[in-house]
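These notebook entries record what I looked up in one structure. I kept the order in which I went through it.

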Amino acid sequence: MPFLGQDWRSPGWSWIKTEEGWKRFEYFNHNINELGLEELDNENKENVYVGDVCEAVDKKRKKDFFNNNTKSQFLFQERWIYIQKESTRERHGYCTLGEAFNRLDFSSAIQDVRRFNYVVKLLQLIAKSQLTSLSGVAQKNYFNVLEKIVRKVLEDHHNPRLIKALLHDLSSTLCILIREVGKSVLVGNINIWLCRLETILNWQQQLNSLQIPKEVSNGLTLSDLPLHMQSKILFKFTDAYDIINLGQATPTLHMLSEDRQLWKKLCQFHFAEKQFCRHLILSEKGHVDWKLMYFTLQKFYPQKEQYGDTLQFCRHCSVLFWNDSGHPCTANDPNSCLTPVSPQHFIDLFKF
C-alpha cells in the first residue's frame, strides 16, 4: 500500500480490505473490538473483514462528515501548527488558513477575556476576504465558534458592538458571494450558505433587540470616585466609541469625555505626527479640535491594535501557537524567537 500521511515520520493511516477494495479506517475513539471487527484469516493479517456494525459506523461517519448542520468540533491534541509555505525533502505540501483555524483552539480562546477581541477581529478579517479559502471542515468550525460568540454576548451582554460589526461584514460578504454564485469559488452547497445567511440575520435581530438590564449595586460605583480618578480611567481607554458611550452615562462623565487632552492623547496613541499635519483641524477659537481630528484620521489611516493576548509565532521552528499551550521548541533561547501575531499578520501568513 502507498504511504499517505502528514509527515514521513508519522504512522500514516490505517487501511482495511473489503469486498469493494481497500478503504481507509478511522477509529472514532473506539476500540477495534467495539466496532465488531472479526479477523477471519489469522495467517494473513492484511485481510480484515468488516461486519454490519462497521458498515453502520461507516455510513454514520459519511453522514456526519457531509452534514453541515452538525455541531461537532474538530479538535487536535496539539494546539500548535507548523507553518509551511514550500515543500522540502521531509515535508511535502503547505499549510492552509483553514487547517490553521482547525488546529488552533479558538473555541476555548473566546472564553478568555484577554483573547476575545483578538478572535473576533480575526473572524472579521476572514469574513471580509478569506471566507472562500476555508474548507468544508474549517467552515463548520468557523460558524461553530461564531455561534458560541453570539451566545456568549447574549448571555453576559459584553462587547455587543464588536459582534454587530462582525455579523454585518459577514452578511455583506455572503450576500455578494451568493449573488455571484458561479463566478466566485464558494465551497459547499448554495442551500447551506443560504441557511447560514438566514442564521446570521436572525443573530443580528437578536443583538439589535438586546436589552441590557441596569445593575443595582449598593457598593461603590464609578460615579462615587473622585473626578481625577474617573479622568485617569478614561485616559486608559484606547477605543473612541467606548469613551463616547461611557460619557453618556452621567453628566460628569460626559464632561470628562470631552476633555481636549484626552482626545489629543488618543490621537497620539493611534497616529503619527506627520499624519496630524496633513489633516489639521482648528476650532472657532483657533485651537486644535482633537476629537474631530481623530474621526478624520481614522478614515485615512489604520488604528493601532492592542490586545491582551495574541497568538505567537516562533521564527526558529516556524510554529504558530497560543502562549499557554506552548510548542516543542529546539532553540537555545525560545523566548527570543517569539513574535506576536496580529490578526492581519495571521491572514498574511497564509497568502502564497
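Entry 1: I began with Gln 204, which counts as buried at 19% relative accessibility. The cut-off for buried is under 20% relative accessible area, so Gln 204 falls within that class. I noted that the model is a predicted one. I then looked up the place of Gln 204 and found that Gln 204 lies in helix α7. Which residues does Gln 204 contact, leaving aside its neighbours within four places in sequence? I listed Leu 167, His 168 and Ser 171.

**Entry 2: the helix pair α6 and α7.** I next turned to the packing of helix α6, residues 160-179, against helix α7, residues 190-208. The angle between them is about 150°, and their axes are 10 Å apart. That angle makes α6 roughly antiparallel to α7, because angles over 145 degrees count as such. I recorded the crossing of α6 and α7 as left-handed.

I then went through the residues that meet. On the α6 side they include Ile 163, Leu 167, His 168, Ser 171 and Ile 178. On the α7 side they include Ile 190, Trp 193, Leu 197, Trp 203 and Gln 204. By class, I noted 13 nonpolar, four polar and one charged residues in the contact of α6 with α7.

**Entry 3: the helix pair α4 and α5.** I looked up a second pair, in which α4 packs against helix α5, residues 136-156. Here the angle is about 130° and the axes are 12 Å apart. That makes α4 oblique to α5. I recorded that α4 passes α5 in a left-handed crossing. From α4, the contact is made by Phe 116, Val 119, Val 120, Leu 123, Ile 126 and Ala 127. From α5, I listed Tyr 142, Val 145, Ile 149, Lys 152 and Val 153. What classes do the residues of the contact of α4 with α5 divide into? I noted ten nonpolar, no polar and one charged.

**Entry 4: a glutamine in α4.** I stayed with helix α4, where Gln 130 lies. Is Gln 130 buried or exposed? Gln 130 is buried, with a relative accessible area of 15%. Leaving aside neighbours within four places in sequence, I found Gln 130 in contact with Leu 97, Leu 125, Ile 347 and Lys 351.

**Entry 5: an arginine in a loop.** I then located Arg 115 in the loop between α3 (106-109) and α4 (116-130). Its relative accessible area is 6%, and Arg 115 is buried. Not counting residues up to four places away in sequence, Arg 115 touches Ala 109, Asp 309, Trp 322, Asn 323 and Asp 324. With Asp 309, I noted a polar contact of 2.8 Å that joins the two side chains. I also checked the C-alpha atoms of Arg 115 and Gly 308, which are separated by 6.3 Å. These two residues are 193 residues apart along the chain.

**Entry 6: the chain as a whole.** The chain has 14 helices and six strands. Of its 352 residues, 34% count as buried. What share of the contacts with a separation of 6 or more comes from residues 24 or more positions apart? I recorded a share of 62%.

Terms used:
Residues numbered from 1 in each chain as written. Predicted model: local features only at pLDDT ≥ 70, side-chain atom pairs only at ≥ 80, totals over all residues. Heavy atoms only, no water. Axes fitted to C-alpha atoms, helices over the stretch in contact; angles between N-to-C directions. Helix = DSSP H or I, 4+ residues; strand = E, 2+ residues; numbered from the N terminus. Parallel < 35°, antiparallel > 145°, perpendicular 65-115°, else oblique. Left-handed = near helix turned anticlockwise from the far one by under 90°. Contact = heavy atoms within 4.5 Å. Nonpolar A, V, L, I, M, F, W, Y, C, P; charged D, E, K, R; others polar. Buried < 20%, exposed > 50% of the residue type's maximum accessible area, 1.4 Å probe, protein only. Polar contact = N/O pair within 3.5 Å; in protein donor to acceptor, adjacent residues only side chain to side chain.
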